[in-house]
Amino acid sequence: MNTSDDARRRLERLTELLAAWQPLWQPLPFQHPRLPWQAEWPAMVEALLALSDAEVSRLQDAPFTDPPLAAWLPVAELEGLASLPQLPGEGETLAQGWATHVGGRKWRQIEAFLPRVRLAAGDRPLEWCAGKGHLARTLARRHGVEVSALEWDAALCDGGAALAEAQDVPLTLVQQDVMAADVACWLTPTTHVSALHACGDLHRRLLEQAVAAGSALTLAPCCYQRTADAGYRPLSRLGADGMARHHLSLSREDLAMAVQETVTAPRHVQRHRQRANAWRLGFDRLQRAVRGQDDYLPVPSLAYGRMPGSFVDFCHWAAEQKGIALPDDSDWAGLEASGWRRQAEVARLELVRHLFRRPLEVWLALDRLVFLEEAGYDAQIGTFCDRELTPRNLLIRARRPATA
Ligand SMILES: C[S@@+](CC[C@H](N)C(=O)[O-])C[C@H]1O[C@@H](n2cnc3c(N)ncnc32)[C@H](O)[C@@H]1O
């Protein structure tokens, strides 16, 4: 079986599974004191709620490893469909001196990404949404070629140009909005576009423009939910047909699930998140009672360190944001305790969503790959690094074969 058949088979089967199980993975336990599916799956709910804290954090980190959910859900099949091979890298390791002025994690991502960019003779490299062009600068050094990079932020362009000049690298940073019509002039059949972590509409634009021009590309997509579209518009015909046949529709909120994996954060950050969630859930109970409306009310998020010092202060802050007057005689201790109970429950019920997270991300990437294949490209997909370096570790590379 060739790669294309395998990709199509995966895309089709994942469409079926995501559609069939959407009623379970779509609702957010955080927003539903009782999930719409809970009554239908009592044994599964019971098994989840019985998990210890240690089991919960193990399964959050590795949802496919020895999961209790395998008794009810197609865990092994989802895992198989979502597991993609690591694409082999080529060439020598990069000189460490080139890492100067690049953040440590970003540099290691570049180290993993670049050996998987297959430049062919005559390719004219271009970076898409380049920031300061760290990737483009390293590409220019590695291959000894001139590189162009598109970025709309003038300060980043200036900063990147200064770095390239100081290091004597032939890199041109161009201030360009990639969503503007005139971006087309940058793409030709000999252009090879690289994009590391280009968000939703930005990489969608790249795919459409590259196909229109016949350019080669190497892309690590991310943030699929950053799109102007309210509902997901599949790129490939196969994806569109499957979605229509299986009645799969994906909102921005659904797409956000695809990128919600956070590789285990330090202990104190985890603890901070748990407390923030418990307080929000405690406030949620209070606001439902005060407003007399049994529905979720989103409260803005707060940067780390900006959280009020106590649950009571948090509730007053949240109530102010939403224009709600709180009664003075609220049972603060009882509400806070119920928030913590709900937080533990939500973490357990969320494990259902965790199982579908990577399959959804892989489905979105396969939709992009098959779109390229449908446009006549030879395309490959795989990972370019371990998920600890970045959970957005999928890479698509594609080239339209030269016609004889
Ligand atoms: C997530 S960052 C990725 C930057 C770089 N590729 C990296 O991996 O560090 C996205 C970049 O896209 C730029 N950007 C956002 N919208 C853009 C647009 N419409 N046209 C060009 N660049 C844009 C941002 O300024 C930012 O530098």
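## Domain contact and ligand site

Reader: How much area is buried between domain 1 and domain 2?

Author: About 410 Å² is buried between domain 1 and domain 2, and carbon and sulfur atoms give 50% of it. Buried area is the accessible area (1.4 Å probe) that two parts lose on being put together, summed over both.

Reader: Which residues supply 70% of what domain 1 buries against domain 2?

Author: W25, D61 and F356 do, more than any other three residues. This is a predicted model, where local features need pLDDT of at least 70 and side-chain atom pairs count only at pLDDT 80 or more, while totals for chains, interfaces and linings use all residues. Residues are numbered from 1 along each chain as its sequence is written, and side-chain values use heavy atoms, with hydrogens and water left out.

Reader: Where are the two domains in the chain?

Author: Domain 1 is 23-70 + 264-356 and domain 2 is 96-249 + 358-399; the bounds come from an automatic or database domain assignment. Six residues of domain 1 and five residues of domain 2 take part in the contact, meaning heavy atoms within 4.5 Å.

Reader: And how far apart are the C-alpha centres?

Author: They lie 36 Å apart.

Reader: How many salt bridges are there between the domains?

Author: One. A salt bridge here is a side-chain nitrogen of Lys or Arg within 4 Å of a carboxyl oxygen of Asp or Glu. The side chains of D61 and R387 meet in a salt bridge, at 3.3 Å from N to O.

Reader: Which helix gives the largest share of domain 1's side?

Author: Helix α13 (residues 332-374), with three residues. Helices are DSSP runs of H or I, at least four residues, numbered from the N terminus.

Reader: Changing topic: which residues come nearest to the ligand?

Author: K106, E151, D177, V178 and L196, out of 15 residues around the ligand. Being near means that a heavy atom of the residue lies within 4 Å.

Reader: What does the backbone do there, say at V178?

Author: A polar backbone atom of V178 is 2.9 Å from a nitrogen atom of the ligand. For L196, a polar backbone atom is 3.0 Å from a ligand nitrogen. A backbone N or O atom of C129 lies 3.1 Å from a ligand nitrogen.

Reader: How many salt bridges in the whole structure?

Author: The search finds 19. One is R13 with E16, whose closest N and O atoms are 2.5 Å apart. Both residues lie in helix α1 (residues 3-25), three residues apart, about one turn of the helix.

Note on methods:
Helix = DSSP H or I, 4+ residues; strand = E, 2+ residues; numbered from the N terminus. Polar contact = N/O pair within 3.5 Å; in protein donor to acceptor, adjacent residues only side chain to side chain.
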